[in-house]
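Have the sequence and the model open side by side.

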Amino acid sequence: LAAVTLLASACGEERGPETGAAVAGSPEAAPELPRKIEPRRFQGRLANARAGRVQFIQNNCYGCHGGQAGGSMGPSLRDGDWEHGGSDSAIAHSIREGHPDRGMPPFKNRLSERQVMELVSYIQSLRTPAEPTFFLEAWDDTMHVAGRVP
Amino acid sequence: MRGPDLGITSWPGQEWRRGGSTVWGWLSYDPGLDLLYYGTANPGVWNPDQREGDNLWSTTIFARDPATGAARWAYQMSPHDAWDYDGVNENIVVDLPIGGRTRKVLVHFDRNGFAYTIDRATGEVLLAEPFQPINWATDVDLESGRPVEVAAKRPKQGEIVRNICPSAIGARDQQPAAFSPRTGLFYSPAVNLCMDYGAFPAEHIPGTPYLGAAVKMYPGPGGHRGSFFAWDAVEGRKVWEIKEKFPVWSGALATAGDLVFYGTMDGWLKAVDARGGEVLWRKRFDSGIVGNPISYLGPDGKEYLAVYSGVGGWAGAVVPGHLSPDDPYAALGAVNAMRDLPEHTNPGGMIHVFALED
């Protein structure tokens, strides 16, 4: 190969992989946050943000936007960068109409206006001390409602 | 496993209709046996308690007659998958000396952490050994072909099951291994991440992901997040291993010069001695490598090596996707394990070509 440089070996040890329940990861070894992130301020009502978090889980929003809306296949909603506007009305419009060209379906036929505004309230609470982060509890009240869960 | 309509009857109700099990990986073909091989993905929904049963034919290797499509055999690796262990990784078709004779086998490094050596004519599992530290199962029963599960590591609705290894990303993702007929060894990338998995109900809403899972990943035993290793598929053992800071998300290339090549997520292209595992040469690019190195003979008669750099994929999504590192559940939990990657590499998209000197 052109410009070949010989470098020291980085060969690992020879050892079979472990199996069974004794194998454990290192949650404490998860990397540190690369920089300090300043919290934002939340002007809305905590109850609305919590109700919006329930909508965020029950309507599968977390699947595209991340469990705490930090992004996955869809963009982060917690970084303060808005492609379609970050006002309450602009966010509500995005939820109602979706962005089908970007893969987001419209939710206007699924959510009431109140539920849309609860979702807006949750999104405005992200990265504030008021941000709700629960997952499993989102289904506590509705888990056994007939027809809700397949 | 044989029977009528098992792909329907091993699911509750109509769940089979929306049950994932897609084919999004690699296809292999054996012209001698005239058989086509491929693997299927995880079953959907991710919450396993919404789909009791084995959920056939998810996480399955199929051998099919390419003319008619008829299945010759099928082998499900992770029955009633609860961890997102897709079975789509490549199936490498080789002939190996096993038990004093040459066997026509298929070698498959699965996301569930087991490397399988399978008789590709009959589907008989000859060997299944873990190639990474795993704890969801202890081994595979070669009589039945089923994994021997560790019950405490199976996710359940309404609970958070902690410290499952490997993570949903798998002990290896879809980037392919290489085989060297000169050494008789396989060379494979690996991922060493574990996870916490909280399962909860999910409603099927067209156009949205069908999950019902809160997943958070972190480094596995030892703290290194990936490795590159040589594997003996006759004995089912690692021959050597190079540990890496990040998951190894590139494919492998083995050459007739007894070099193997792979790339790292922090941008190193490495050439390794195929027999001893020593790194002989390396070069760093601006962006991480998640492509597959290839070698080829150019029209000028020269030999070339080419590789794509441009970090991304599930583990690398935090860089090009501008994901928020303070959401541990971003990218389905991968960001928690990878949030320092942006400090080590950049978004990119370049082809690098090297010529062999005369």
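Which residue of β24(B) stands opposite S309(B)? It is M350(B). Helices (H or I, at least four residues) and strands (E, at least two) are DSSP runs, numbered from the N terminus. This is a predicted model, in which local features need pLDDT of at least 70, side-chain atom pairs count only at pLDDT 80 or more, and totals for chains, interfaces and linings use all residues. Residues are numbered from 1 along each chain as its sequence is written, chains are lettered from A and ligands numbered from 1 in the order in which they are written, and side-chain values use heavy atoms, leaving out hydrogens and water.

Confidence comes next. The model scores ipTM 0.93 and pTM 0.93. Chain B averages a pLDDT of 97, with 100% of its residues scoring at least 70. Here pLDDT is the predictor's confidence in each residue, from 0 to 100.

Back to the sheet around S309(B). Strands β22-β23-β24 of chain B, in that order, form an open sheet with antiparallel pairing. From one strand to the next, the twist averages 25°. Axes for such angles are lines fitted to C-alpha atoms, for helices over the stretch in contact, and angles run from 0 to 180 degrees between N-to-C directions. β23(B), residues 303-309, is joined to β24(B) by six bridges. Two strands count as paired if DSSP finds at least two bridges between them. Strands of a sheet pair through backbone hydrogen bonds, either parallel or antiparallel.

Now take another open sheet of chain B. Four strands run in the order β1-β2-β3-β4, again with antiparallel pairing. β1 (27-30) and β4 of chain B each have a single partner strand, so one side of each has no neighbour in the sheet. The twist here averages 15° from one strand to the next. β2(B) pairs with β3(B), residues 60-64, over four bridges. In that pairing, L36(B) has R64(B) as its bridge partner.

Rings come next. The whole structure holds 29 aromatic pairs over all chains. Rings of Phe, Tyr and Trp (its six-membered ring) pair if their centres lie within 6.5 Å; planes under 30 degrees apart count as stacked, over 60 as edge-to-face and the rest as tilted. Y37(B) and W73(B) form a tilted pair, 6.1 Å centre to centre with 45° between the planes. Y37(B) lies in β2(B) and W73(B) in β4(B), 36 residues apart. Both Y37(B) and W73(B) are buried. Buried means under 20% relative accessible area, exposed over 50%, partly exposed in between (1.4 Å probe, protein chains only).

Is A252(B) buried or exposed? A252(B) counts as buried because its relative accessibility is 11%. A252(B) sits in the loop between β17 (237-244) and β18 (253-254) of chain B. Beyond its neighbours within four places in sequence, its contacts (heavy atoms within 4.5 Å) include Y187(B), F228(B) and F261(B). F228(B) is 24 residues away in sequence, yet 8.9 Å away C-alpha to C-alpha.

Finish in chain A. Helix α3(A), residues 88-97, has the buried residues A90(A), I91(A), A92(A), S94(A) and I95(A). Their cover includes α4 (113-125) of chain A. Just after α3(A), G98(A) takes a positive phi of about 70°.
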